[in-house]
Amino acid sequence: MSRILNVAVVGCGIGRSHIVEGYLPNADKFKVLALCDLDPERLSKIGDEFGVERRITNFDDLLTMDDIDVIDVCTPPGVHFSMVTKALAAGKHVVCEKPLVGSLAQIDEIVEAEKAAKGKLMPVFQYRFGDGIEQAKKIIDSGIAGKPFAGTVETMWRREAPYYAVPWRGKWKTELGGVLMGHAIHPHDIFTYLMGDISRVFGRVATRVNPIEVEDTISASLEMKSGALASFTATLGSVDEITRVRLQFENVTIESDHAPYNPGHALWKILPRNDEVKAKIEAALANWQHVPSRFQTQMARFYDAIDGKIPLPVTSADSRRSLELVTAFYHSSSTHQEVVLPLGPDHPLYQSWVPAEFR
């Protein structure tokens with residue numbers, strides 16, 4: 001495929017980052033042809049900034065535009081499901097910000113819709129990309145790291161009143177959750193991307209920092225399918241901000257860079273157990289080719305996946321694993337019981353993890 005794919009970005013908040021970091025650096029692959037937003041002022045501002053002439057306020061109008069190849073959904077989470085299903089039904093390729101949808105039932109519907117869809121769907125997990133995380137992934141997948149023992153994830157960020165002045169934030173109906181859904185979802189995805197599936201979760205959630213409906217502090221103890229143990233902690237009340245993933249394997253200890261919003265970019269700390277392991281790591285990483293971080297690489301690989309050259313860099317199955325953890329977290333916290341994964345249609349929160357009074 002040599003042609004440039006035309007993109008419609010829906011939602012000009014995080015959508016602007018998709019343009020700046022994802023589409024402009026891949027100008028030989030994508031062109032942003034249309035913008036869609038309910039805020040005319042923001043629509044005009046972003047349209048002028050990037051020279052996008054087609055500015056739409058009605059999402060459904062995009063579905064009938066034959067020259068639009070990709071619809072990039074960057075709206076509040078509560079409307080993702082309807083937009084993704086409509087875009088797939090219209091034959092478009094779809095990119096969608098996290099969380100992909102609002103329940104395990106919805107993600108399973110999306111998986112079924114994909115089977116009949118002409119286009120491909122890629123959820124967004126941009127933190128997976130960059131030199132640091134990709135070197136760690138290579139060492140783990142090559143078998144050099146050996147048996148996984150344990151790991152930790154710390155998502156220590158800060159969100160205060162101005163952040164929640166945006167009307168849809170901090171509310172169950174529109175944000176679908178708090179720190180689990182909008183913040184720690186990224187480092188938690190990094191962890192499972194590197195360490196594999198989770199088998200058991202005991203989690204707690206609390207609202208400790210801000211006067212909001214949803215949680216802003218969490219902690220959990222996990223058992224992985226490999227037998228490794230893990231702990232997750234996150235808060236939106238930290239004075240400084242870091243994201244830290246630390247993994248203990250038989251042959252290496254791996255620790256991420258601590259940059260809160262781009263932990264995949266800088267090289268990670270990789271400590272070999274002995275000189276033999278060190279030599280294997282050096283051989284595996286010899287002639288390393290730089291991997292741009294975040295949206296730049298994710299969008300480039302999406303193009304190659306559409307072209308049939310590689311698998312999708314992020315899939316709906318990845319989103320299901322992420323949302324399964326969220327569901328287990330909320331259920332464990334409310335019942336004070338351990339939750340065994342995977343979760344199917346018989347689970348009490350399969351249709352929605354949102355408390356009944358907020359649906």
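The legends below describe close-up views of a predicted model.

View 1. In an unreviewed entry, UniProt places the feature "domain: Gfo/Idh/MocA-like oxidoreductase N-terminal" at residues 5-122. In the predicted model this span is 42% helix and 22% strand, and its end C-alpha atoms lie 15 Å apart. For the feature "domain: GFO/IDH/MocA-like oxidoreductase", also from an unreviewed entry, UniProt lists residues 134-247. Over residues 134-247 the chain is 27% helix and 40% strand, with the end C-alpha atoms 14 Å apart.

**View 2. The open sheet of eight strands.** The eight strands follow the order β13-β12-β11-β7-β10-β9-β8-β14, and their pairing is mixed. The edges of this sheet are formed by β13 (269-272) and β14 (339-340), each of which pairs on one side only. In general, the strands of a sheet pair through backbone hydrogen bonds, and they do so either parallel or antiparallel.

**View 3. The pairing of β9 with β10.** Strand β9, made up of residues 217-224, and strand β10, made up of residues 229-235, run antiparallel and are joined by seven bridges. Within this pair of strands, Ser221 stands opposite Ser231, a residue of β10.

View 4. Ala305 has its place in helix α12, which covers residues 295-306. Is Ala305 buried or exposed? Ala305 counts as buried because its relative accessible area is 3%, which falls under the 20% limit used for that class. When neighbours within four places in sequence are left aside, Ala305 is in contact with Lys120, Ile310, Pro311, Leu312 and Pro313. Trp288, by comparison, is 17 residues from Ala305 in sequence, and the two C-alpha atoms are 22 Å apart in space.

**View 5. The largest pocket.** The largest pocket of the model has a volume of about 930 Å³. Of the 36 residues that line this pocket, the closest to its centre are Ile14, Cys74, Thr75, Trp168 and Arg169. By class, the lining of the largest pocket consists of 18 nonpolar, nine polar and nine charged residues.

**View 6. The largest cavity.** The structure holds two cavities of 30 Å³ or more, and the largest cavity has a volume of about 60 Å³. Its lining is made up of Leu180, Ile185, His188, Asp189, Thr192, Asp318, Arg321, Ser322, Leu325 and Val326. Helices α10 (185-195) and α13 (316-335) each supply at least two residues of this lining, and the largest share, five residues, comes from α13. Sorted by class, the lining of the largest cavity has four nonpolar, three polar and three charged residues.

**View 7. The second largest cavity.** The second largest cavity holds about 50 Å³ of space. Which residues line the second largest cavity? The lining consists of Cys96, Glu97, Lys98, Pro99, Leu100, Pro123, Val124, Phe125, Ile185, Ser319, Ser322 and Leu323. Helix α13 gives the most to this lining, with three residues. The lining of the second largest cavity divides into eight nonpolar, two polar and two charged residues.

Methods. Residues numbered from 1 in each chain as written. Predicted model: local features only at pLDDT ≥ 70, side-chain atom pairs only at ≥ 80, totals over all residues. Heavy atoms only, no water. UniProt positions renumbered as here; feature names shortened; annotations may be inferred. Helix = DSSP H or I, 4+ residues; strand = E, 2+ residues; numbered from the N terminus. Buried < 20%, exposed > 50% of the residue type's maximum accessible area, 1.4 Å probe, protein only. Contact = heavy atoms within 4.5 Å. 1 Å grid on protein atoms, 1.4 Å probe; cavity = no way out; pocket = protein on both sides within 12 Å on 5 of 7 lines; lining within 4 Å. Points joined across faces, edges and corners; volume = space filled by probe spheres on them. Nonpolar A, V, L, I, M, F, W, Y, C, P; charged D, E, K, R; others polar. Pairing = 2+ DSSP bridges.
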